[in-house]
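Visitor: I have a model open and a few things to ask about it. Can we go through them one at a time?

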Amino acid sequence: MVRLLFGISLICLFSAPALAADTGTTIISKARLACESYENGVFDQGKAVSRVDLTGDGISDTVIDESDFRCSSARSLYCGSGGCSLHAIVDEEVWSFQAEGWRMIDWEGRPILLIARDGGWCGGAGAQVCYEAVVWSHGKMLTVMPQSR
C-alpha cells in the first residue's frame, strides 16, 4: 500500500512538466509538418524552446518562440509583418501571442513576461512597437491587454 501511494505521489509530482512537454512537442510537431508539407521543406526549430519560471514558483515553464523556426522551402512560414507566434506554457495550458520579441524581467522577485507587440495592438501603426506585460497569479495569466483584437 505504501508503494502504491508513493507511486501515485510521484506521478502527480511529475505529471505537470510532462504535460507541458507534450504540449510543446505538439506545437513543434505542427510547425515541422507545415514545413515538410510545403515542397518537402526541412524544418529546424533552432533555439525556439526556452525554459523559464513564468509563475514564480521556482519551477521552469516553457516558452516557444516561433521566430527561431526555420523552413528550407518557406522563409516566412512562421512569421508575418506583425511578428511571430510566441507560446507560453504553464502546466498543460498554452497562452499564445503575436510578438516581435520577448524577455523575462524581475520586479522585486516577481517574474514578468514582457512582449514586444506590433503597434496595431495598442492603437499605433504597425511599424511602431509597444509592450505587453504578462504575469501569472493564482493559476491565471493576467495582463491589461485583451487576448484578442
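Visitor: Is Glu-132 buried or exposed?

Guide: This is a predicted model, and in it Glu-132 counts as buried because its relative accessibility is 2%, under the 20% cut-off.

Visitor: What does Glu-132 form a salt bridge with?

Guide: The partner is Arg-117, with the closest N and O atoms 2.9 Å apart. Side chains of opposite charge can pair when their charged atoms come close. Arg-117 is buried too, at a relative accessible area of 1%.

Visitor: How many salt bridges does the structure hold?

Guide: It holds 1. The pair links distant parts of the chain, with Glu-132 in strand E10 and Arg-117 in strand E9, 15 residues apart.

Visitor: How many bridges join E9 to E10?

Guide: There are 6, and the two strands run antiparallel. Leu-114 stands opposite Ala-133 in E10.

Visitor: Which residues of E10 are on the covered face?

Guide: Cys-130, Glu-132, Val-134 and Trp-136 are on the covered face. The uncovered face has Val-129, Tyr-131, Ala-133, Val-135 and Ser-137. In a regular strand the side chains alternate between the two faces of the sheet.

Visitor: What about E10 and E11?

Guide: E10 and strand E11 (residues 140–142) run antiparallel and are joined by 3 bridges. Val-135 stands opposite Leu-142 in E11. The hairpin of these strands has 2 residues between them, and His-138 takes a positive phi near 50 degrees there.

Visitor: Changing topic. How many residues are in the largest nonpolar core?

Guide: That core has 14 residues, and those with the most contacts inside it include Leu-54, Leu-113 and Trp-136. At least two residues of this core come from each of strands E6 (83–90), E7 (93–99), E9 (110–118) and E10 (129–137). A second, separate core has 12 residues, among them Ile-28, Cys-71, Tyr-78 and Ile-89.

Visitor: What is Leu-113 in contact with, leaving aside its neighbours within four places in sequence?

Guide: Its contacts include Leu-54, Ala-88, Phe-97, Trp-102, Glu-132 and Val-134.

Visitor: Where is Thr-23?

Guide: Thr-23 is in helix H1 (residues 2–37). With a relative accessible area of 17%, Thr-23 is buried. Leaving aside neighbours within four places in sequence, Thr-23 is in contact with Ile-89, Glu-92 and Val-94.

Visitor: Last one. What is the mean pLDDT of the protein chain?

Guide: The mean is 83, and 83% of the residues reach 70 or more. Over residues 1–20 the pLDDT is below 50, and that stretch has 5 contacts in the model beyond near neighbours in sequence.

Definitions and conventions. Residues are numbered from 1 along each chain as its sequence is written. This is a predicted model: local features need pLDDT of at least 70, side-chain atom pairs count only at pLDDT 80 or more; totals for chains, interfaces and linings use all residues. Side-chain values use heavy atoms; hydrogens and water are left out. A nonpolar core is a set of buried Ala, Val, Leu, Ile, Met, Phe, Trp, Tyr and Cys residues joined through side-chain atoms within 4.5 Å. Buried means under 20% relative accessible area, exposed over 50%, partly exposed in between (1.4 Å probe, protein chains only). Helices (H or I, at least four residues) and strands (E, at least two) are DSSP runs, numbered from the N terminus. Contact means heavy atoms within 4.5 Å. pLDDT is the predictor's confidence in each residue, from 0 to 100. A salt bridge is a side-chain nitrogen of Lys or Arg within 4 Å of a carboxyl oxygen of Asp or Glu. Two strands pair if DSSP finds at least two bridges between them.
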